[in-house]
Amino acid sequence: MRRSPLVDGHGRVIGDLRLSVTDRCNFRCQYCMPAEGLPWLERAEVLSFEEIERIVRLVSSMGVRAVRLTGGEPLARREFPRLASMLAPLVDDLAVTTNGFLLEREAAALVQAGITRFNLSIDSLQRDRFFEMTRRDALDRVLRGLEVLAQFPEAHPIKINAVGMRGFTEDEVLPFAQFARTHPYEVRFIEFMPLDADHAWDMDKVLTGEEIRAAIHAVYPLEAQPREPHATARVYRFADGHGKIGFINPVSEPFCGDCDRIRLTADGKLRTCLFSVGETDLRGPLRSGATDDDLEQIIRDAVWRKELKHRVNEPGFVQPARTMSAIGG
Ligand code: SAM
Ligand code: SF4
């Protein structure tokens, strides 16, 4: 059954769902989780595969064509490839964002399940610095997973995401540029956002995309590519034709104007912005007999109130109670 498009109160049509399948993670990245982890959701609080499938089917009937599976660490959820294979037929584009720790084992199953886009988070290409940032000595293992994945033509183009933090990422910039020039991966730097559990974020810790771009351009000249509608990244190609590099600049250059995304947390809360301070419960209605029409109305009402823009750069900004790992980045 086709339903009418999902539109917010500012006229933006929603086409993309970021779906967190778990709040748990096997890493403890400094910009996301505290060293000791967080109080995890109880198993019963987390949406089942069938509940997730029902929501994806419903939003897909309202025009959501892209779903990105995330977390926490999505690959750490038991039987994750089975969930992916349930969702793949419902959308045009099924993507995953992962830290890659379990990729060596899971890559083949994920490709087979129908995931077509892979983003891997790697913040340093040096073992000790990777350990410092993620608090896990796992760079070699992640790179092995990446190599296994890269053998599947269907998995390309693979994207590598690195969070840009002042005082850390400066030394990573040129190695990542060289990596992007010599491998078939698009490296993208993401500005550090105020979604860390330690509440250590401040503007001075954001290494902006523009600073990184300028540092790379000085050594390897870059040429801007046209921005795709709704894209989060500004993409550049190396002028000599050797690869691409991207910049996701939500802090210094917000891209809220044509944002077409909504998010669902692992415990079934609909969020209309990464920085929302309120959220809408779908799990309660799902578990108490709501019909698809009831759920559609709840989703439409929430989406209608989608924030015009985030207010990270404004006085009085309030960091959401949930961290990135509990929202689903
Ligand atoms: N665990 C998976 C991973 O790390 O790829 C998926 C979830 S993680 C929350 C999704 C993305 O959010 C990762 O690329 C991570 O680097 C990014 N991220 C986490 N905290 C962030 C923050 N405070 N600012 C910017 N990006 C952040
Ligand atoms: Fe885990 Fe991803 Fe958060 Fe790192 S960024 S702690 S890998 S959820």
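Trainee: Where does Gly 257 sit?
Mentor: Gly 257 is in the loop between strand E9 (244-248) and strand E10 (261-264). Keep in mind that this is a predicted model.

Trainee: Is Gly 257 buried or exposed?
Mentor: Gly 257 counts as exposed, because its relative accessibility is 66% and the cut-off for exposed is over 50%.

Trainee: Switching to ligand 1. Which residues come nearest?
Mentor: Tyr 31, Gly 72, Glu 73, Ser 121 and Met 193, out of 17 residues around ligand 1.

Trainee: What does Ser 121 do there, in terms of distance to an oxygen atom of ligand 1?
Mentor: A polar side-chain atom of Ser 121 lies 2.5 Å from that oxygen atom. Glu 73 has a polar side-chain atom 3.1 Å from a nitrogen atom of ligand 1. From Thr 98, a backbone N or O atom lies 3.2 Å from an oxygen atom of ligand 1.

Trainee: How much of ligand 1 does the protein bury?
Mentor: 96% of the 540 Å² that ligand 1 exposes when taken alone.

Trainee: Which strands supply at least two residues of that shell?
Mentor: Strand E3 (93-98) and strand E5 (158-164) each do. By class, the shell around ligand 1 has six nonpolar, nine polar and two charged residues.

Trainee: How many charged residues are in the shell around ligand 2?
Mentor: None; that shell has six nonpolar and three polar residues. Among the residues around ligand 2 are Cys 25, Cys 29 and Cys 32.

Trainee: New topic. How many salt bridges does a search of the whole structure find?
Mentor: 29. One of them joins Arg 144 and Glu 104, with the closest N and O atoms 3.2 Å apart. That pair links distant parts of the chain, Arg 144 being in helix H5 (residues 139-150) and Glu 104 in helix H3 (residues 103-113), 40 residues apart.

Trainee: Why does Arg 144 count as partly exposed?
Mentor: Because its relative accessibility is 41%. Glu 104 is also partly exposed, at 35%.

Trainee: Which salt bridge has Arg 12 in it?
Mentor: The one with Asp 8, at 2.7 Å from N to O. Both Arg 12 and Asp 8 are buried.

Trainee: Which residues are linked in a network of salt bridges?
Mentor: Arg 3, Asp 293, Glu 296 and Arg 300.

Terms used. Residues numbered from 1 in each chain as written. Chains lettered and ligands numbered in written order. Predicted model: local features only at pLDDT ≥ 70, side-chain atom pairs only at ≥ 80, totals over all residues. Heavy atoms only, no water. Near = heavy atom within 4 Å. Polar contact = N/O pair within 3.5 Å; in protein donor to acceptor, adjacent residues only side chain to side chain. Areas by Shrake-Rupley, 256 points an atom, 1.4 Å probe, with all protein chains shown as cover. Helix = DSSP H or I, 4+ residues; strand = E, 2+ residues; numbered from the N terminus. Nonpolar A, V, L, I, M, F, W, Y, C, P; charged D, E, K, R; others polar. Buried < 20%, exposed > 50% of the residue type's maximum accessible area, 1.4 Å probe, protein only. Salt bridge = Lys/Arg side-chain N within 4 Å of Asp/Glu carboxyl O.
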